[in-house]
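Visitor: Hi, could you walk me through this one? I'd like to start with the terms.
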Amino acid sequence: MAMLFFTVIGSFWLEIALKVGVLRRIKRVLTSIIPVGLVFLLWDAYAIKSGHWRFDRNQILGIFGPAGIPLEEILFFIVVPIAAIMTIEAVRTVKKNWPVTNL
Amino acid sequence: MSYTLIALSMVIVSLLLDVFFLKVKLVTRRVFWVSYAIVLVFQLLTNWWLTSRNIVMYNSDAIIGIRIASAPVEDLAFGFSLILSVLTIWIYQEKR
């Protein structure tokens with residue numbers, strides 16, 4: 001949970017300081033993170049079930065979603081993608097002449 | 001090595017999404033790599049926190065065993081595919 005707070009603090013200041021306006025485009029944020037988040041949560045569920053990784057029950061909140069996924073993992077796939085979007089938008093704000101696509 | 005294989009597959013899927021399906025081609029852009037580099041620094045920091053304190057633990061059968069900042073090297077592939085997929089879809093929506 002501390003890690004998630006750190007990520008929020010580390011990235012969301014860009015929203016104010018550089019006015020990246022990511023949260024203003026919340027629909028576009030959601031359409032970007034929901035499909036990817038669902039795929040990764042399926043992976044997470046499979047990895048937990050197969051024992052690829054596990055979590056120390058004493059160091060997590062102990063609240064679990066579907067398929068035994070800790071709440072922190074679900075929040076991770078919301079917080080981290082938003083932080084990444086804010087990062088690229090911040091870079092674009094600072095480096096306005098760097099093209100982002102050739103479409 | 002199951003985590004290794006899934007993580008590598010996801011890197012390939014995210015590259016296919018970016019280059020062939022949505023044709024955003026973010027991986028050819030400096031803006032992506034600079035952004036990824038920034039994210040990577042924070043990923044290494046938070047990964048180190050989560051793994052060195054054993055908040056998250058990995059089955060040694062699932063990984064190849066190479067560790068970077070105390071976390072399995074596979075986490076880099078995990079993070080890269082997550083970030084590339086999200087940013088590809090984010091930018092794709094802007095250009096439609």
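Guide: Happy to. A nonpolar core here is a set of buried Ala, Val, Leu, Ile, Met, Phe, Trp, Tyr and Cys residues joined through C-beta atoms within 7 Å. Buried means that 20 or more other C-beta atoms lie within 10 Å of a residue's own, with C-beta atoms placed from the backbone. This is a predicted model, where local features need pLDDT of at least 70, side-chain atom pairs count only at pLDDT 80 or more, and totals for chains, interfaces and linings use all residues. Residues are numbered from 1 along each chain as its sequence is written.

Visitor: So which residues have the most contacts inside the largest nonpolar core?
Guide: They are I82(A), A84(A), I85(A), I83(B), V86(B) and L87(B), in a core of 50 residues. Elements from both chains each supply at least two residues, including helix 3 of chain A and helix 3 (74-94) of chain B.

Visitor: And what is I85(A) in contact with?
Guide: Leaving aside neighbours within four places in sequence, V22(A), V29(A), S32(A), V86(B), L87(B) and W90(B). Contact means C-beta atoms, placed from the backbone, within 7 Å.

Visitor: Switching to chain B, what order do its elements run in?
Guide: From the N terminus on, α-α-β-β-β-α, which is three helices and three strands. Of its 96 residues, 44% count as buried.

Notes: Chains lettered and ligands numbered in written order. Helix = DSSP H or I, 4+ residues; strand = E, 2+ residues; numbered from the N terminus. Buried ≥ 20, exposed ≤ 12 C-beta atoms within 10 Å, placed from the backbone. Contact = placed C-beta atoms within 7 Å.
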